[in-house]
Amino acid sequence: MNMRRSSGLDPLVTGRVIGDVLDPFISSVNLSVRYQSRGVANSCEFRPSAVVEQPRVDVGGNDLRTVYTLILVDPDAPSPNNPYLREYLHWLVSDIPGTTGVTFGHEIVRYECPRPSLGIHRFVFVLFQQLGRGTVYAPGWRQNFNTRNFSDLYNLGSPVATVYFNCQRESGSGGRRLPTT
């Protein structure tokens, strides 16, 4: 188990996931997130074209009777310099049995692929253990979602796992263009 503390060595702290999205917590369940054949590791970078399809997510745990909720949020929406939509909810899956994956859970908020337009955005997967099946419901909106408030509302407690990646717009798309002569 890893305690998430204010340590310069923890990428969740240096990446400001601890602070902006989550409070310090003890990681107690394995969480594996893969886009196609590439795994997500804290602070790795993906381009929007690599995250169009929902990822494969496998959850650890000890048995099928324990269920989990997975959320994916962008705390940098619409831009890291002015994140007035913080946190933007990209995905919410509940009732995921331990030792399985999200395909065995209930997709409450459909996956929306990351499409940052300004700056480098963090996309944070957070896994919570639920008190039981059918105890988590859809929020009324995606923008200004708050992971801490959501956890409090549904008595989810602290996260049991999290991982995040960085993403920015594809190079050469958008932005200013020079006039042609």
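A salt bridge is a side-chain nitrogen of Lys or Arg within 4 Å of a carboxyl oxygen of Asp or Glu. Side chains of opposite charge can pair when their charged atoms come close. This is a predicted model: local features need pLDDT of at least 70, side-chain atom pairs count only at pLDDT 80 or more, and totals for chains, interfaces and linings use all residues. Residues are numbered from 1 along each chain as its sequence is written, and side-chain values use heavy atoms, with hydrogens and water left out.

Searching the whole structure gives 10 salt bridges. Start with Arg148 and Asp23. Their side chains form a salt bridge at 3.1 Å, N to O. This pair links distant parts of the chain, 125 residues apart. Arg148 lies in helix H3 (residues 147–153). Asp23 sits in the loop between helix H2 (17–20) and strand S2 (26–27). Helices (H or I, at least four residues) and strands (E, at least two) are DSSP runs, numbered from the N terminus.

Next, accessibility. Buried means under 20% relative accessible area, exposed over 50%, and partly exposed in between (1.4 Å probe, protein chains only). Arg148 has 26% and is partly exposed. Asp23, at 46%, is partly exposed.

Now turn to Arg16. Its side chain meets that of Asp20 in a salt bridge (3.5 Å, N to O). Arg16 is partly exposed, at 45% relative accessibility. A network of salt bridges links Arg16, Asp20, Asp76, Arg86 and Arg122.

Finally, look at Arg65 and Asp63. The side chains of these residues form a salt bridge at 3.8 Å, N to O. Arg65 is exposed, at 74% relative accessibility. Asp63 is partly exposed, at 24%.
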